[in-house]
Amino acid sequence: MTVGQERKLVTEIPGPRSVELMARVRRSVARGIGIALPVFVTEAGGGIVVDADGNQLIDLGSGIAVTNVGNAAPQVVSAVQEQVARFTHTCFMVTPYAGYLEVCEALNRITPGDHEKRSVLLNSGAEAVENAVKIARSHTRRNAVVVFDHGYHGRTNLTMAMTAKNAPYKDGFGPFAPEVYRVPTSYPYRDGLSGPEAAARAVASIEKYVGASNVACVVIEPIHGEGGFVVPAPGFLPAVAEWCRSAGVVFVADEIQTGFGRTGDLFACSHEGVVPDLITLAKGIAGGLPLAAVTGRAEIMDAPHVSGLGGTYGGNPVACAASLAAISMMEAEDLPARAREIGEIMLPALRDLAARHPIIGDVRGRGAMIAIELVTASGEPDPIATGEIARACHAEGMVVLTAGTYGNVLRFLPPLVMPPELLREALSLLAKVFDAR
Ligand SMILES: *Cc1c(COP(=O)(O)O)cnc(C)c1O
């Protein structure tokens, strides 16, 4: 790793070079692309992002849960360099190559369940979700797709329909794909229900409003990501999965954000022993290169006819090489264990902070997927304070992200290779930001 693992501020955030580049962005990049922290990156590695002004920021975002193995991880870099010099593309559907096959074999091996599996590779998370729906519909010959409050599944037309939150994801972009039905989730901090109670409420909604025999698939994030790192109450996911089994409904776990070690297990479903029929994967799959997948039960995955699935770039050879390197790094270095250690450092520190600052209504998460929910004195969501605190963290040299249906969640997604000293420094800077309010 060439990037020095220390925070360093040499200008204000953003510094003059970044401000200058940002002015050009406004003239050339479509306004629809929002930017959380306008510092322009020149290098990144371990737990540090370096900007154009020479500032070194502590990375608590991992490019939205992507660089789990670290940015420009040396193993990923050399695998990519080797592959990119051999060939960059043929299209697997025209003339195949072993990298695609090996990624599918690896995913079939490491995802939950020891049944026979198949995989298909794609470019983005949204595309993986769309393909999971296609596959489930093809297998069941049913149409309806059930999703949950606070769910996020992407920005394409079908996945916008599946995503719960209107602004900014959907506003003005309709009409949306039909046959998508949203039911209540489990949100222990706000609904006070046990997992089985919340599952019974969801199942009752499905049966009343959709009808079990019309449902092709239920698609759920084991922890709602963009929706605010909402961890369901224990027993919720197993009960929903069990209902799917009994109703002949395909249970799809959208592990695009929770996957690849992020939550302290390779996949978040495994914390409660849930084995999904299909699992959608992206983000952490390839150390930062664009790749996505659907992996699942062979008899379901093989339902679509030959040539019914695919795409020009899906499973690009360079992205596959990166993925194989990232997956072997996760296994060799036991990165899920590193995620658990990150959680063990963060959760107690954040709970201490919450004890001193009543604005922190809830501290939650698993492994290296941790969040705090900010509320007013009466317990209402406080998105304004959340934005202010995020900006104050940025000014201190930390990349932090917000989330949540109400925009009142500060989320932390450090790379799993984050040095513990940097993480502790980030936590004390965060305490400083709260104490200064
Ligand atoms: C990010 C995300 C997606 C969409 O992935 P893209 O690669 O941005 O299309 C889908 N589902 C979940 C849970 C996500 O976090």
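User: Which domains does the chain have, and what should I know about the model?
Analyst: The domain assignment, automatic or from a database, gives domain 1 (16-72 + 334-435) and domain 2 (75-332). Residues are numbered from 1 along each chain as its sequence is written, and side-chain values use heavy atoms, with hydrogens and water left out. The model is predicted, so local features need pLDDT of at least 70 and side-chain atom pairs count only at pLDDT 80 or more, while totals for chains, interfaces and linings use all residues.

User: How much area do domain 1 and domain 2 bury between them?
Analyst: About 3,000 Å², with 58% of it on carbon and sulfur atoms; buried area is the accessible area (1.4 Å probe) that two parts lose on being put together, summed over both.

User: Which three residues of domain 1 supply more of that than any other three?
Analyst: Val69, Arg366 and Met369, which supply 24% of the area that domain 1 buries against domain 2.

User: Switching to charges, how many salt bridges are there between domain 1 and domain 2?
Analyst: The count is two, where a salt bridge is a side-chain nitrogen of Lys or Arg within 4 Å of a carboxyl oxygen of Asp or Glu.

User: And what distance is there in the salt bridge of Arg190 and Glu373?
Analyst: The side chains of Arg190 and Glu373 meet at 2.7 Å, N to O.

User: How far apart are the domain centres?
Analyst: The centres of domain 1 and domain 2, taken over C-alpha atoms, are separated by 25 Å.
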